[in-house]
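Open the model in your viewer and keep the selection tool at hand. The stops below go one residue or element at a time.

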Amino acid sequence: MILSIALNVVERSLVHCYPANMQNMDWNLVRDFLAVARTGSLNRAAQKLGVNASTVGRRIETLEGTLGVHLFQRSQTGYVLTDEGEGLIARAEAFEEASIAFERRAEASGNVEGRVLLATTENLANFLIIPALPDFRAQHPKLRLEILTDIRAVNLNRREADLALRMVRPTQGNVSIRRLGTMHNGLYGSVGYVERRQAESKEKDKGRFDEDEFISWPEHYGDLPAAQWINRVLQGRAPALVTSSLYAQLAAARAGLGLAVLPCFMGDAEPVLRNVPSDADVIVQEFWLAIHTDLVNSARVRVVANFLTELVHNNSARL
């Protein structure tokens, strides 16, 4: 209600100044207008918003077409506001303030409700997100979070999910992206396995893995950094076990079947596992939060996005 009233006031003021049809004004258009006005560049605005520069350019053109005026002068040095654009800044900022005020009030009151679809990996869901959900649920009891951990990639453009926490940076699609942090990996084996290899290895063999068993990935997962590292070490030897589930690899390492490259926050938390020094420690993956651009200003989606951002930040030491 608060947002609706505030935005209606802003919309009426826009209509008064520009007699174009503003009944379906899209907040994304206003947001992108402000970003370009503040940065003076499509590329810098796109970087700030986490979208493509072409997307920002199209929205500026749409807004200008809707209002029937030119808002910017284009030049090689960037985008400069016209008089008409300058006259729109205050009203656009009122639009922005209304949206931010609504979101903050909704979050503070705990009245955010509805369904949010989050796509992520099984290991992040089981070992990072779900353990933190009790406090989040207590704060937002009316919000229904659905976590999708399918092996196949979820398409945000087709609205198969509202947002995604990924280990690979999205390169296309109508999504807003944000880098949240990094995740470190390491080589792990069971206590029994590590003790046996230490007892059997000679001084000259330290740091070598010629006699070790490994738990690896199927061929079609060959683009994963962990799979590539294991394949280099095996040098054509067959692994002890191949599985497409990271949790299965954790279980196999616990059972003593061999060594597995695991995220440190998973391996370090297992009392029966030990880290084996190796250059697998340099495998670092980035966390990317992707949100469908149309939902960037949805209060229910922003609540989940803020929860994930804080969660990764608070766990950065063990990640």
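Which residues does Leu 308 touch, not counting residues up to four places away in sequence? Select Leu 308: Leu 118, Ile 129, Leu 163, Leu 165, Leu 180 and Leu 289 are in contact with it (contact means heavy atoms within 4.5 Å).

This is a predicted model, in which local features need pLDDT of at least 70, side-chain atom pairs count only at pLDDT 80 or more, and totals for chains, interfaces and linings use all residues. Residues are numbered from 1 along each chain as its sequence is written, and side-chain values use heavy atoms, with hydrogens and water left out.

Next, show the largest nonpolar core, which has 60 residues. Such a core is a set of buried Ala, Val, Leu, Ile, Met, Phe, Trp, Tyr and Cys residues joined through side-chain atoms within 4.5 Å; buried means under 20% relative accessible area with a 1.4 Å probe, protein chains only. Leu 308 is among the residues with the most contacts inside this core, as are Phe 214 and Trp 229. Helix 12 (residues 299-314) gives the most to the core, with 8 residues. A second, separate core of 25 residues includes Trp 27 and Leu 34.

Now select helix 2, residues 27-39 (helices are DSSP runs of H or I, at least four residues, and strands runs of E, at least two, numbered from the N terminus). Of its 13 residues, 10 are buried, including Trp 27 and Leu 34. Gly 40 follows helix 2, with a positive phi near 75°.

Finish at Asp 162, in the loop between strand 4 (143-148) and strand 5 (163-166). Asp 162 counts as buried because its relative accessibility is 10%. A polar atom of its side chain lies 2.8 Å from the backbone nitrogen of Leu 117.

Key. The expected span of a helix is 1.5 Å times one less than its number of residues. Buried means under 20% relative accessible area, exposed over 50%, partly exposed in between (1.4 Å probe, protein chains only). A polar contact is a pair of N or O atoms within 3.5 Å; within protein, one must be able to donate a hydrogen and the other to accept it, and residues adjacent in sequence count only if both atoms are side-chain atoms.
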